[in-house]
Amino acid sequence: MRRLLHAILLGLLGAGIVHISVLLLVPEFSERNAWSRLAMATDLYRMTRLDAEAGGTPVVKSVDPLFYAAACRFDLSDGMVRVKAPGNVPFWSVSVYDRSGHNIYSFNDHSATGRVLDSIVLTPAQMIEIRKDLPEELQGAIFVEAAIDEGMFVIRSFVPDDSWKPNVSRFLEQSSCELQDY
Amino acid sequence: MTGQAIPRAGNSTACHGPLPRDIPQRHSSFPRLFMLKNAFLTLLALAIAIGGGGGSVWYALKTQDGIGAIRIGPWTAFPDIGTQAADPYSKARVAREGVLALGQAEGLSFIAERDTDGEQLKRQCAYEIEGGFPTARFWTLYAADRSLGVVETGKPRLAALQSYQVLRQPDNSVVISVSNRPAPGNWLLSDGFGRMHLVLTFYDTPIASSTGLSDVTLPQIVKVGCNA
């Protein structure tokens, strides 16, 4: 009886250890995270619609039904990435995520010059390089310094009612996600 | 036990001369039984460890009301979710569900699973959401199913509302009827049967920085009635 109790106690202690290790390993080994889902849908540097409106099931879930969203994957070890979207929509916001889905940086249309989405994601080393001589066409852009290699850039845009749908769709479809080299 | 062991000991001495006396004891049935019991106890301990450890992680990730949650009335928010500062439970939830959480400059989502009286929200019931809303550029409210997608009503009207389209009371508070029948004022369509969540998201809001969360009040969710 004492042995049984001993085994159960040992089991509970082990359960604690397993609990902690499984919890810490889930983010490492998950194949259902946003990066993997996006990778299955499209290639790097391709803007992909995340909402169901564009047809098919949504790539990444839990997007507000009154929002349209698009995302692209990038790899900063290839060089910095520039994201632009033309047009005027009621509200847009942007988030940069690392590979495991952590939000690195976010901003919205109030932070942008003239509410135009023009942003560059780059590593601190690339930032030092570009600061030496900032090209003319990059002066209005928002620089996002992120110490990551692979990441995701997500644009979300508000659709207040049905009449805005074509406008917001066009905004996201005309957005570009380009590798920029210097 | 000893009865079995002694004759063998005699045999071995007869054939090979002097051998250590204690060898035969290893072949007795007592250690074998002991080992079997030991193996059973080890297996039991392992089963509890693996089953209990894995199951508890699964349960912790399944429940909405996890660690790192901030509760305001019936509403729950995870302000740290998706950031590097998040607790391991939030990080695991993000990885498992493929969530791309809103950043602090974007907004903050609150999820209600129960009404103000603590009863589970149901799609077949009518509710009234009433009260003031914290400062934000705008907010959206939608009825969600278990996986937090908007509920499918099969009707052209979306089960969602946003703050630019709501009618306000003289004191700037908002009253919203959640029902499968049209209601005067602000009507949030919900339809079907089963559990329901309400998701209230504030965009471009100062409350997304956690210092602003301490004195936030959110609207009440009061049950009006159910279609049995």
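These legends accompany several close-up views of a predicted model.

Residues count from 1 along each chain as its sequence is written, and chains are lettered from A in the order in which they are written. Because the model is predicted, local features need pLDDT of at least 70 and side-chain atom pairs count only at pLDDT 80 or more, while totals for chains, interfaces and linings use all residues.

**View 1. Confidence along chain B.** The pLDDT, the predictor's confidence in each residue from 0 to 100, averages 82 in chain B, with 82% of the residues at 70 or above. Residues 1-15 of chain B fall below 50, and beyond near neighbours in sequence this stretch has 14 contacts in the model (C-beta atoms, placed from the backbone, within 7 Å). For the model, ipTM is 0.85 and pTM is 0.80.

**View 2. Around Phe153(A) in the largest nonpolar core.** A nonpolar core joins buried Ala, Val, Leu, Ile, Met, Phe, Trp, Tyr and Cys residues through C-beta atoms within 7 Å, buried meaning 20 or more other C-beta atoms within 10 Å. Phe153(A) is among those touching the most other members of this 90-residue core, as is Leu141(B). Leaving out residues up to four places away in sequence, Phe153(A) touches partners including Ala71(A), Val96(A) and Cys177(A).

Notes:
Two residues are in contact if their C-beta atoms, placed from the backbone, lie within 7 Å. A residue is buried if 20 or more other C-beta atoms lie within 10 Å of its own, exposed if 12 or fewer, and partly exposed in between; C-beta atoms are placed from the backbone.
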